[in-house]
Amino acid sequence: MVAAIRVVDHPLVRTKLAALRISTTPAREFRMLLEDLGMLLTYEASWNLEVCDATITTPIAVTKGATLSQRIGLVPILRAGIGMLNGALHVFPDAQVWHLGVYRDEHRLVPVEYYNRLPQTPTVDRCFILDPMLATGGSAVAATDVLKRWGICHIHFIGVIGSPEGVYRLSQHHPDVAITLAAIDDHLNDSGFIVPGLGDAGDRQFGTGIYACPRPIE
Ligand code: PRP
């Protein structure tokens, strides 16, 4: 199986992404852009959802309609994925939201899981993972592992920027997971940042910058 990888080339996505990348974009605008991209990318990622036929009544007549046949779970990866959540909720207002906490150890560039309160058995049929950055791919692979262990078969990763290395890693580990992105950038630098990228999406949306110093919960 080969992972379905889609880069959304819509003019709104391209222009909002360009504004997001600019280093002087303030946090308040960064959050708005990320929310918009969360909505646009979630819409694009949901084109092949299964629907059931339904009979509906308009003020004029009875006619045919459709309803979604699967329960949707939105899974923002803390912290940065939070910025995409409200946008995704505009697309799926009835979705369940399951937060997963994963940060990347900045020295070893490996994912560290620190938050997971999933119930024992799955309560949704299809999950959309939300995380703006797919760098080494370690966090996305770890989050997908968690969801698969939970029992979810249909998983879709929605990100804003991916690196070639991250896309390759996620698609190698989980070829059944579709990937939707706004861009695949050039490469990862020695510090594991995507180039040209946009910097640290968590710090930029929350204004934490150099003050952020993540620690696992003991
Ligand atoms: C960033 C990003 C992803 C991860 C990507 O989070 O939001 O979760 O790194 O890197 P990877 O593909 O190499 O795993 P970060 O660790 O900065 O945590 P934060 O969201 O709390 O800022």
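**Reading a ligand site**

Modeller: Start at R79: an N or O atom in its side chain lies 2.9 Å from an oxygen atom of the ligand. That is a polar contact, meaning a pair of N or O atoms within 3.5 Å; within protein, one must be able to donate a hydrogen and the other to accept it, and residues adjacent in sequence count only if both atoms are side-chain atoms. The model is predicted: local features need pLDDT of at least 70, side-chain atom pairs count only at pLDDT 80 or more, and totals for chains, interfaces and linings use all residues. Residues are numbered from 1 along each chain as its sequence is written, and side-chain values use heavy atoms, with hydrogens and water left out.

Biologist: What lies 2.5 Å from an oxygen atom of the ligand?

Modeller: An N or O atom in the side chain of T136. A80 uses a backbone N or O atom instead, 3.0 Å from a ligand oxygen.

Biologist: How much of the ligand does the protein bury?

Modeller: Accessible areas come from the Shrake-Rupley method with a 1.4 Å probe; for residues, only the protein chains shown count as cover. Alone, the ligand exposes 500 Å², and the protein buries 92% of that.

Biologist: Which residues come nearest to the ligand?

Modeller: A residue is near if one of its heavy atoms lies within 4 Å. Around the ligand there are 15 residues, and R104, D131, T136, G137 and S139 come nearest.

Biologist: What share of the protein chain is buried?

Modeller: Buried means under 20% relative accessible area (1.4 Å probe, protein chains only). Of the 218 residues, 47% qualify.

Biologist: What does the C-alpha trace span?

Modeller: About 60 × 40 × 35 Å along its principal axes.

How values were computed: Buried means under 20% relative accessible area, exposed over 50%, partly exposed in between (1.4 Å probe, protein chains only).
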